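Reader: I am new to this structure and would like to learn how to read it feature by feature. Could you take me through it slowly?

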Amino acid sequence: MKNRLKVLRAERDWNQQDLADALGVSRQSVNAIETGKYDPSLPLAFRIADLFSLQIEDIFLRD
Amino acid sequence: MRPAYRDPAYARYLKRFIPASVLYVGAIILASTLIPDDAKASPLTIGIALLPGMACITMIWAMARLLVEMEDEYLRLIEIKKALIATGFALAVAATWGLLELYTDVQKLPVFLIFPMWCGGLAIAQFWMKARGA
């Protein structure tokens with residue numbers, strides 16, 4: 001699944017560690033999600049959406 | 001520089017696993033010292049011989065708790081993949097060697113080595129996943 005996480009993070013001038021800290025996950029998790037190696041669970045996807053004040057479908061896109 | 005995220009479950013895992021592994025080594029030494037090679041099975045010898053097994057069960061329990069308690073879902077997935085690879089490795093060696101034992105006169109593989117072999121598979125999985133950038 002594609003996602004806009006890297007763009008959204010860059011818009012806020014956050015690095016992966018900043019985002020990981022905000023979400024309470026590891027930097028490896030953020031990297032894996034950004035690079036499409038791992039699709040987050042629904043609860044984590046909601047946390048990501050809440051953090052950016054967006055809908056899940058505004059961040060995660062169908063292939 | 002901020003410390004890297006470390007799932008708190010890892011600390012609890014080490015608190016459980018390290019004493020169990022020390023107990024395992026101690027119990028192996030104790031059993032090897034106290035029980036002669038040709039000893040008959042008796043309540044005493046069975047009791048002493050079961051001690052390392054109890055330590056093994058504690059280590060397996062600690063690993064199971066790690067998977068249950070990990071909060072970071074991606075790191076948990078990595079640990080589960082490592083455990084699956086280790087299981088596949090141990091089963092493959094045991095099944096293949098077992099067939100060799102059945103049809104040829106190769107040396108018998110002691111069953112107690114299955115758990116250390118599984119742990120070896122875990123180490124192989126760790127290197128393999130790291131090499132793949134997981």
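Reader: What share of the contacts in chain A with a separation of 6 or more comes from residues 24 or more positions apart?

Author: Please keep in mind that this is a predicted model, in which local features need pLDDT of at least 70 and side-chain atom pairs count only at pLDDT 80 or more, while totals for chains, interfaces and linings use all residues. Residues are numbered from 1 along each chain as its sequence is written, and chains are lettered from A and ligands numbered from 1 in the order in which they are written. Two residues are in contact if their C-beta atoms, placed from the backbone, lie within 7 Å. In chain A, residues 24 or more positions apart account for 51% of the contacts with a separation of 6 or more.

Reader: Which residues of helix 3 in chain A are buried, and what covers them?

Author: A residue is called buried if 20 or more other C-beta atoms lie within 10 Å of its own, exposed if 12 or fewer, and partly exposed in between, with C-beta atoms placed from the backbone. In helix 3 of chain A, the buried residues are A:Q28, A:S29, A:V30, A:A32 and A:I33, and their cover includes strand 1 (2–3), helix 1 (5–11) and helix 2 of chain A together with helix 3 of chain B. Just after this helix, A:G36 takes a positive phi of about 75°.

Reader: Which residues touch the most other members of the largest nonpolar core?

Author: In soluble globular proteins, nonpolar side chains tend to be buried together. A nonpolar core is a set of buried Ala, Val, Leu, Ile, Met, Phe, Trp, Tyr and Cys residues joined through C-beta atoms within 7 Å. The largest one here has 16 residues, of which A:A20, A:V30, A:A32, A:I33, A:Y38, B:Y74 and B:L75 touch the most other members. At least two residues of this core come from each of helix 2 (16–23) and helix 3 (27–34) of chain A and helix 2 (43–69) and helix 3 (73–103) of chain B.

Reader: Is B:M59 buried, exposed or partly exposed?

Author: B:M59, which lies in helix 2 of chain B, is partly exposed, because 19 other C-beta atoms are within 10 Å.

Terms used. Helix = DSSP H or I, 4+ residues; strand = E, 2+ residues; numbered from the N terminus.
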